[in-house]
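Visitor: I have the sequence and the coordinates open. Please show me how to read them, feature by feature.

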Amino acid sequence: MPENASPSKAGSPLDSLKAVFALPNNHPNKIIAVAVALCLVCSLIVSAAAVGLRPLQERNESLALKREILKVAGLYEPGLDIEQAFKRLDVRLVELDTGEYVSGVDATAFDMRKAAADPAQSLALGNDDDLARIRTRANTMPVYLLRDGEELKSLILPVYGYGLWSTMYALLALEPDGRTVADISFYDQRETAGLGGEVANPRWQAGWSGKQLVDAQGVPVFRVAKGSVDPATPAAGSQVDGLSGATLTSNGVTNLVRFWMGDLGYGPYLQRVRDGRGG
Ligand SMILES: Cc1cc2nc3c(=O)[nH]c(=O)nc-3n(C[C@H](O)[C@H](O)[C@H](O)COP(=O)(O)O)c2cc1C
């Protein structure tokens, strides 16, 4: 066969392949065949790595969440065995409509994001109800209880809602009174760094401790202020400083806290806690 000729009629696909690879290196057919083969091999390697590393990635995500929960529970210190320390917490699932615990389930395995995306396990929120702009809300949510013997020391609630660019996920630790903030951590958000992204700044989060999220009737009253909180205002005990240049993210934080403290969120559960029937 002349040097630059294409392969003539071949039998099996393997024969065709062999014929193509027998061509000179500068033959267009061989160049295309090598490029395609290289792409196939690379995509196989990337896919295999993605699939193979998925369990490790999920384990790391789970560990990172547990670390954040331990932090807001005041139990974290560097070098801690996370899995071991996490056993100090009682993880329960709450039926949000009734505020009662769901029995006979492994609450540690519950995935609130998957549940919220499953119509069979979630409630579609109408515009008027969707203060946190999350569209659907899982019917059940996990709560993490820290006890000292029989005494409830702190309850940790996962909360989330939309800011300006992203859904912001936080862990809200409450005092046993079910209304006062012990600590908060915004552990997953994609607001602009230096603006809305300041929700993740520990200095800003430190200003939440001691704030009252609901009034005496259990109605959410929390607000991220516009600018600094005026200590002279009677509402100062329910407000934290605004994020400068990030009013829209700040409003998102106000709304998500109000949603989750309200009737469609943990409201019925927290009422039970305040009545001494939860916890
Ligand atoms: C590139 C860019 C990124 C921004 N990111 C945020 C943000 O993450 N959160 C936010 O509330 N506002 C953000 N803003 C500002 C908003 O558009 C809006 O001006 C601001 O929320 C108003 O807040 P202020 O009244 O405190 O200035 C951003 C603006 C620009 C130009």
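Guide: Start with strand pairing. Two strands pair if DSSP finds at least two bridges between them. Helices (H or I, at least four residues) and strands (E, at least two) are DSSP runs, numbered from the N terminus. This is a predicted model, so local features need pLDDT of at least 70 and side-chain atom pairs count only at pLDDT 80 or more, while totals for chains, interfaces and linings use all residues. Residues are numbered from 1 along each chain as its sequence is written.

Visitor: In which sense do β7 and β8 pair?

Guide: Strand β7 (residues 167-174) and strand β8 (residues 181-188) pair in the antiparallel sense, over 6 bridges. Leu174 stands opposite Val181 in β8. The hairpin of β7 and β8 has 6 residues between the strands. Within that hairpin, Gly178 takes a positive phi near 70 degrees.

Visitor: How do I follow the pairing through β6?

Guide: Go strand by strand. β6 (151-162) and β7 pair in the antiparallel sense over 8 bridges. Ile156 stands opposite Ala173 in β7. The hairpin that β6 and β7 form has 4 residues between them. On the β5 side, 5 bridges join β5 to β6, again antiparallel. Leu155 in β6 is the bridge partner of Leu145. The hairpin of β5 and β6 has 2 residues between the strands, and Gly149 takes a positive phi near 65 degrees there.

Visitor: Which strand is joined to β5 by 7 bridges?

Guide: That is β1, which runs antiparallel to strand β5 (residues 140-148). Asp90 stands opposite Leu145 in β5. Leu145 also has Leu155 of β6 as a bridge partner.

Visitor: How do I read side-chain directions along a strand?

Guide: In a regular strand the side chains alternate between the two faces of the sheet. Then look at burial. A residue is buried if 20 or more other C-beta atoms lie within 10 Å of its own, exposed if 12 or fewer, and partly exposed in between, with C-beta atoms placed from the backbone. In β6, 9 of the 12 residues are buried, so β6 is largely enclosed by the rest of the structure.

Visitor: And for a helix?

Guide: An α-helix has 3.6 residues a turn, so residues three or four places apart point the same way. Take helix α7 (residues 267-274), whose buried residues are Gly267, Tyr269, Leu270 and Val273. These residues cover an arc of only 160 degrees around the axis, which puts them on the same side of α7. The arc is that of the directions from the helix axis to the C-beta atoms.

Visitor: What covers the buried residues of α7?

Guide: The cover includes β1 (89-95), β6 and α6 (247-261). After α7 comes Gly276, with a positive phi near 80 degrees.

Visitor: How do I read the domains?

Guide: Domain bounds come from an automatic or database domain assignment. Here the assignment gives domain 1 (9-87) and domain 2 (89-274). Their C-alpha centres lie 36 Å apart. For the interface, two residues are in contact if their C-beta atoms, placed from the backbone, lie within 7 Å. By that test, 6 residues of domain 1 are in contact with 11 residues of domain 2. Helix α2 (residues 28-72) gives the most to the domain 1 side of this contact, with 4 residues.
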